[in-house]
Amino acid sequence: MDVIAYTGHTDPGGPAARRDLDALSITKVSVGPMDNNAYVLVCRATGEALLIDAANDPDRLVDAIGSGPKRPDLRHIVTTHRHFDHWQALGAMKGMFEARTIAHPLDAPELPVPVDELVDHGDQVRFGEITLDVVHLRGHTPGSIALIYRDDERPHVFTGDSLFPGGVGKTNSPEDFTSLINDVEERIFAALPDETWVYPGHGDDTTLGEERPHLGEWRARGW
């Protein structure tokens, strides 16, 4: 698979984009008919890898991980939430790599394979020398989670379908919307600085600083 410089944008069916931080590399690839983002995170010290959302197109996900003797060792797959477009390749990827599956207990029963590790708000996911903080964001689904990596330069947060450029994720009732926007405000925006880079489940990336001025608008419009 071709790999391009990281801007936060990838095209469906197009090349992956890779960002190299000091300790972690992040590869973003768009898969499937719903332009789902999948993220391959690799600990640069150990070569151990974690996949966020085995959404679709297992062959493309395998290509994004790499090949040859230096291919990263995929040991963990995190599913951010239970919606079907985020786990179409989960069974295939778990079978190929014998990776441990990780999800929140409220969404885990809806996934197509047993979940090896249940995580909740405040837990951590570790692979290689990398630690990710788990944030439970209630509303898009009961068990939606985000993952925060705290780099020395800036935090990086993988939000699934709970936060996008321009708003929070889709909800099915006013109560779910209020729950989601409350959690996003309190657990993401209030906890992290403006320079935090946001990696959503579909479409382009953003930063918290870009979105923060619009929180009041989102709450007022109700979506």
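How many bridges join strand S6 to strand S7? Read on for the answer.

## Before we start

This is a predicted model, where local features need pLDDT of at least 70, side-chain atom pairs count only at pLDDT 80 or more, and totals for chains, interfaces and linings use all residues. Residues are numbered from 1 along each chain as its sequence is written, and side-chain values use heavy atoms, with hydrogens and water left out.

Helices (H or I, at least four residues) and strands (E, at least two) are DSSP runs, numbered from the N terminus. Two strands pair if DSSP finds at least two bridges between them.

## The eight-stranded sheet

Let's begin with an open sheet of eight strands, ordered S1-S2-S3-S4-S5-S6-S7-S8 with mixed pairing. S1 (3-5) and S8 (117-118) sit at the edges with a single partner strand each, so one side of each has no neighbour in the sheet.

Back to the opening question: S6 (residues 73-78) and S7 (residues 100-103) run parallel, and three bridges join them. Look for His76, which stands opposite Arg100 in S7.

Helix H2 (residues 90-97) packs on this sheet, touching S5, S6 and S7. Touching here is contact, meaning heavy atoms within 4.5 Å. The direction of H2 makes about 150° with that of S6; axes are lines fitted to C-alpha atoms, for helices over the stretch in contact, and angles run from 0 to 180 degrees between N-to-C directions.

## The six-stranded sheet

Another open sheet has six strands in the order S9-S10-S11-S12-S15-S16, again with mixed pairing. At its edges are S9 (124-127) and S16 (206-207), each with a single partner strand, so one side of each lacks a neighbour in the sheet.

Inspect S10 (residues 130-136) and S11 (residues 145-150): they pair in the antiparallel sense over four bridges. Asp133 stands opposite Ile148 in S11.
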